[in-house]
Amino acid sequence: MFCLIDLFGMLIICSIVLVLSLVSFGPQIYHVLSLRDNSGISICYVLLNSMMFTEHFALSLHFTVNNTGVEDTIVGSPPTAENWLDLLQFCIVWYCYLML
């Protein structure tokens, strides 16, 4: 019973982080789309964060998809729903950085 509550709690936390990640880019994306200008947003900030999230996305994708037969990875075998939500969160943040 405790494990089920734990799993449900983790899914809710992952979902909240997913939504908050998307919402955190709202003002910046609105600024760029409404003014058609990206002044005020540092290109170095966007470049470095895009590189970092590209690496994290690649690692997350690798650990989520290529973990068959390996028991000592971060992701369980088979991947759980929270593993797929983590990958989706990486995808959304990566896409938001690409939009900037």
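**View 1. Ile 41 and the residues around it.** Setting aside neighbours within four places in sequence, Ile 41 is in contact with Gln 28, His 31, Val 32, Val 46 and Leu 100; contact here means heavy atoms within 4.5 Å. The model is predicted, so to speak of local features a pLDDT of at least 70 is needed, side-chain atom pairs count only at pLDDT 80 or more, and totals for chains, interfaces and linings use all residues. Residues are numbered from 1 along each chain as its sequence is written, and side-chain values use heavy atoms, with hydrogens and water left out.

**View 2. The whole chain.** The protein chain has four helices and zero strands, running α-α-α-α from the N terminus on. Helices (H or I, at least four residues) and strands (E, at least two) are DSSP runs, numbered from the N terminus. Of the 100 residues in the protein chain, 26% are buried. Buried means under 20% relative accessible area, exposed over 50%, and partly exposed in between, with a 1.4 Å probe and protein chains only. Among contacts in the protein chain with a separation of 6 or more, 64% join residues 24 or more positions apart.

**View 3. The largest nonpolar core.** A nonpolar core is a set of buried Ala, Val, Leu, Ile, Met, Phe, Trp, Tyr and Cys residues joined through side-chain atoms within 4.5 Å. The largest one holds 13 residues, and those touching the most other members are Phe 25, Ile 29, Ile 41, Phe 53, Val 93, Tyr 97 and Leu 100. Helix 2 (26-35), helix 3 and helix 4 (81-99) are the elements that each give two or more residues to this core. Helix 4 supplies the largest share, five residues.

**View 4. Helix 3 and Ser 50.** Which residues of helix 3 are buried? They are Val 46, Asn 49, Ser 50, Phe 53, Phe 57, Ser 60 and Thr 64, and helix 4 is included in what covers them. Ser 50 lies in this helix, which covers residues 43-65, and counts as buried because its relative accessibility is 13%. Not counting residues up to four places away in sequence, Ser 50 touches Trp 94 and Tyr 97.

**View 5. Helix 4 from end to end.** Helix 4 has 19 residues and reaches 27 Å from its first C-alpha to its last, close to the 27 Å expected at 1.5 Å a residue. The expected span is 1.5 Å times one less than the number of residues. Buried residues in helix 4 include Leu 85, Phe 90, Val 93, Cys 96 and Tyr 97.

View 6. Leu 22 has its place in helix 1 and is partly exposed because its relative accessible area is 47%. Leu 22 and Val 93 are 71 residues apart in sequence, yet 6.9 Å apart in space, C-alpha to C-alpha. Leaving aside neighbours within four places in sequence, Leu 22 is in contact with Ile 92 and Cys 96.

**View 7. Leu 20 on the surface.** Leu 20 is found in helix 1 (residues 2-24). Is Leu 20 buried or exposed? Leu 20 counts as exposed because its relative accessibility is 53%.

**View 8. Arg 36 in a loop.** Arg 36 is found in the loop between helix 2 and helix 3. Arg 36 has a positive phi of about 55°, although it is not a glycine. With 75% relative accessibility, Arg 36 counts as exposed.
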